[in-house]
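Have the sequence and the 3D view ready as you read.

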Amino acid sequence: TRFTTMGLYAFALVAALFVVQTSAIDYPYCASPNDLQPTVNASLQLQMVQIIFRHGDRTMLNRWPNDHSVWYCNLTDDMYPSKSSEATTESFDRIFKKKYMDNREVLPGNCLFGQLTGIGYDQHIALGNQLRRLYVDTYQFISSEYSSDEVWIRTGDSPRCVDSAMAQLIGLYPTMNGGSSLPVVDVYTIDSVQDNLSPNTVLCPALATLGAELVQQPAFVNFDNSFAPLRAQLRQLLANNPNASITWGGMMDALSALTCHNMSYPAGVTMDMLLQAYKINQWEYNYLLQNVTYSSYAIGTLYVEMLDRMTSLAAGTPQPKYLMYSAHDTSVAPFLAGLGLYTGEWPPYAAHAELELWSDTGKANWFVQAKPYGQAALIKGCSSVMCPIKEFAAIVASLTPTPVACHGPALAPAHHTTAVHLDPVGHAQATATAATTSRRA
């Protein structure tokens, strides 16, 4: 694993920019830019698409004493319990609808903290529509009708991620033909303790240790302290306490939710304050992400899984053609950062990035193309935008944390790593190699 010390920002210049420019910029948090561009290359054929995306618009994650907003959510889940993973809908004689009782939640109204809203649902419907136009209509890559052989869905185990994935699939396939019964779509998830779709300090405790070290570095501390008066002012306005334990992220989250829904701020809070909190929080998170080791600890094993899908297909093992990963902003940002594609802008609602696998017509040579927000971009370390898979595999290897790096030699768990082998002309094969140590943390 590489440990790279980030190049420090020009602190005085950045601080000055906060004062001068915040009132002049548009707030970018509420929705993702979507301009999906096709690749025109007659000599190559698209073989696989993997898309990672942030959930859509949601309610706030925290509420402070001086926030008097009321939230009503009309998005609900209809469900039917089943004891069989192979069950169909033919036997359904009813559908259950889960509803939260009015004014019995922490948020006034009927919404949970972090619940996907109707706006967030519509954002992923729209994104699914755009993806359909690209991958069904333009490329004719996946079928116009849903097929479980072609499409595979994985999501973080939170309702807003699950609902966002379902909404995006509805946009991708507005109608489904299930014959005599409704189609059943499998949506895979992992217990949050074991999930590597987002940064996980249980799976890699060194992530927490490194993060704590980075925020104690002088450049970070000096930057954060320079905005102490604004922090105290916002804490007072939000919680009547200038020393309240509200982070920049907590301030940004609560005020962003209000902004995206055109709700009033607590008395005394202004849009300019939110913009400054947004940029401060963004700078501090970027400080972490620009450390290559931090990004690799945060998301490195997900690269391995994605690469394994690609190399398995290249080696002749059937794989889904279109794979969806529904996650968080803290998934998309390190995913892009590790590949050298993160611009520093906080991933807005429904932010997305695609990894496309291409081959020549004879399937002798394979290439990976990254597309943040649908735009082809050069992966750091690749010789071209169409990155030869051997180069991409080397990059993934450099970004993959070892069990010893994450846990230390005494606590490294039993695990499986993916070893990628490529022959001289570029064919890829993936083999699993086991490594075991004394005990699991």
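Asp224 and Arg231 form a salt bridge, with their closest N and O atoms 2.8 Å apart. Keep in mind that this is a predicted model. Asp224 counts as buried because its relative accessible area is 16%, under the 20% cut-off. Arg231 is buried too, at 13% relative accessibility.

Why might such partners meet at all? Side chains of opposite charge can pair when their charged atoms come close. In this model the count comes to 7 salt bridges, and the table shows some of them.

| Salt bridge | N to O distance |
|---|---|
| Asp253 and Arg58 | 2.5 Å |
| Arg154 and Asp195 | 2.7 Å |
| Asp224 and Arg231 | 2.8 Å |

Take Asp253 and Arg58, which meet in a salt bridge. Asp253 sits in helix α7 and Arg58 in the loop between β1 and β2, so the pair ties together parts 195 residues apart in sequence. Both Asp253 and Arg58 are buried.

Next come Arg154 and Asp195, another salt bridge. This pair links strand β4 with the loop between α3 and α4, 41 residues apart. Arg154 is buried at 3% relative accessibility, and Asp195 is buried at 9%. Together with Glu305, Arg154 and Asp195 make up a network of salt bridges.

Now for the helix α3. How many of its 14 residues are buried? The count is 10, so α3 is mostly covered. Among the buried ones are Cys161, Ala165 and Leu169. Their cover includes β1, α2, β4 and β5. From first C-alpha to last, α3 reaches 20 Å, close to the 20 Å expected.

Conventions
Residues numbered from 1 in each chain as written. Predicted model: local features only at pLDDT ≥ 70, side-chain atom pairs only at ≥ 80, totals over all residues. Heavy atoms only, no water. Helix = DSSP H or I, 4+ residues; strand = E, 2+ residues; numbered from the N terminus. Expected span 1.5 Å × (residues − 1). Buried < 20%, exposed > 50% of the residue type's maximum accessible area, 1.4 Å probe, protein only. Contact = heavy atoms within 4.5 Å. Salt bridge = Lys/Arg side-chain N within 4 Å of Asp/Glu carboxyl O.
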